[in-house]
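Visitor: Could you walk me through this structure? I have a few questions ready.

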Amino acid sequence: MASFFSFLRSSILSKVVMAATGIILLLFLIGHMLGNMQMYLGPARMNAYAAMLQGLGGALWIVRAVLFLSVVLHVITSIRLKLSNMAAKPSAYVRKKWVKATLTSRTMFLTGSTIALFVTYHLLHFTFKATHPQYAGLRDTFGRMDVYAMVIAAYREPLISLVYIAAMVLLGFHLNHATLSALQTLGVNHPKYNGFIEKLSITVSLLIVLGFISIPCGVFLEIIKPVQATVAGGM
Amino acid sequence: MRLTLHIWRQKNAREKGRMVTYELDGVSEDMSFLEMLDMLNEKLMRNGEEPVAFDHDCREGICGACSLAVNGIPHGHEPLTTICQLHMRKFRDGDAIYIEPWRARAFPVIKDLVTDRSALDRIIAAGGYISVHTGGVPDANAILIGKEEAERAMDFAACIGCGACVAACKNSSAMLFVAAKIAQFAYLPQGQPERKRRALAMVAKMDEEGFGACSNLYECEAVCPKGISVSAIALMNRDFIRAKLTEVPQKTTAGGG
């Protein structure tokens, strides 16, 4: 175990771990967001998708293990980097002016910590249903877990919707710097491709965030409606 | 010009420093920033006060000795300019100017605005060189180097080692400096034999000296008086990762012949 964490002694290796785990988590976010988009396709598709994921068995646990390990490494390494970076700058300037560094790039630890808190809440809320035990009883006509009804029930609580939207805005700030930063750390920097990479990272982070935010907004605007209303509408 | 100067005064490495305010009148806009400080020091000495200590040498922007954070920006607000080459015409009459030393754990303040930047020298000593045989001068074009490669190496060799990158960084990271010193050799044939060893040794020394890690804010590139590109850092990371992946443990090489 001690040798496994020996990368923490090197600044660049720590950064490589941040970048690699960050990219894994980014890929997961893309998949998660695309999965969520099925909320627009109605309860049948959404619940079938959820049931399919649950039915993956061993593969699901491998994905979960990879994600869990990525999160743990990302968090531990970020704390190590934060501590050593703070130690490297023990006294601040009386007057400091930033020339180029953006606000989002300077607040990665803050946005990251907030996202970590949010992810904990999110898991307690939807995955473990600890905050809302009544979700566990939701079943659709096929007897599957009614994820569709659960999401609508959740986002019909304005406070929960606001928390989710705020967290996603912070996630957007985090991703805005993360993608470019991860590639630079892994050595991807070439004048021929930098412009494309920059546009790609902004587009990807914007799509992820807008995709996620659109669900609570869709529930609020009743674009995403409970199953009874959909049936009444003639579907 | 009449200026209000807020200057960091610190007796020595051990004592705590503080900002002291000075009023300076009669500054010419044709003076360089350091000449303005010379003028202040003459005034202080006439009044029997201790002059402000600051680093300077060539005063023509090529030696890397001058090192002042002016209004929160290393080398002041003028891009691609060392503080010795910044002229007072870039300021306005009545301006308040904050002058501070580079701030980093690896650059302890010696006195006032003078910091000890020998950590950078120790990183160079760890591997920022190529090993050559002494003796006769080698033939100028014995090793052919493409124009583009030579120019690229020169772009990184432009680093004067002033430490502004460290000073600007929120983590006091020296990665732009170290990367420039690695990249200047990476494009040249002479740099190849020791390339991996160099990346490993210089990065290890950099970590040991207490510099922070890079958060890719690129503030270093923005303040660098020589405009060193952060693409050097990507190159250093590539070299370092490659060297780490192919590193042969010391034990097995000893008997290997």
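Visitor: Which residue with a positive phi follows α7(A)?

Guide: Happy to start there, with the reminder that this is a predicted model. Past the end of α7(A), look for a phi near 95°. The residue with that positive value is A:Gly187.

Visitor: And where does α7(A) bend?

Guide: Helix α7 of chain A covers residues 158–185, 28 residues in total. Its first and last C-alpha atoms are 40 Å apart, close to the 40 Å expected. There is still a bend of about 30° along α7(A), and the residue to look at is A:Ala178.

Visitor: How much area is buried between chain A and chain B?

Guide: Contacts involve 33 residues of chain A and 47 residues of chain B. Carbon and sulfur atoms give 56% of the buried area. The total between the two chains is about 3400 Å².

Visitor: Which three residues supply more of the area that chain A buries against chain B than any other three?

Guide: Together this trio supplies 19% of what chain A buries there. The three are A:Ile12, A:Tyr93 and A:Arg95.

Visitor: Which residue of chain B forms a salt bridge with A:Lys100?

Guide: The rule finds 27 residue pairs in polar contact across this interface, while the salt bridge count between the chains is one. In that bridge the closest N and O atoms lie 2.4 Å apart, within the 4 Å cut-off. The partner of A:Lys100 is B:Glu221.

Visitor: Which helix gives the largest share of the side of chain A that touches chain B?

Guide: Helices α1, α3, α4 and α7 of chain A each supply at least two residues of that side. The largest share is five residues, and the helix supplying them is α1(A).

Terms used
Residues numbered from 1 in each chain as written. Chains lettered and ligands numbered in written order. Predicted model: local features only at pLDDT ≥ 70, side-chain atom pairs only at ≥ 80, totals over all residues. Heavy atoms only, no water. Helix = DSSP H or I, 4+ residues; strand = E, 2+ residues; numbered from the N terminus. Expected span 1.5 Å × (residues − 1). Bend = angle between axes of the 7 residues up to and from the residue. Contact = heavy atoms within 4.5 Å. Buried area = accessible area lost by both parts, 1.4 Å probe. Salt bridge = Lys/Arg side-chain N within 4 Å of Asp/Glu carboxyl O. Polar contact = N/O pair within 3.5 Å; in protein donor to acceptor, adjacent residues only side chain to side chain.
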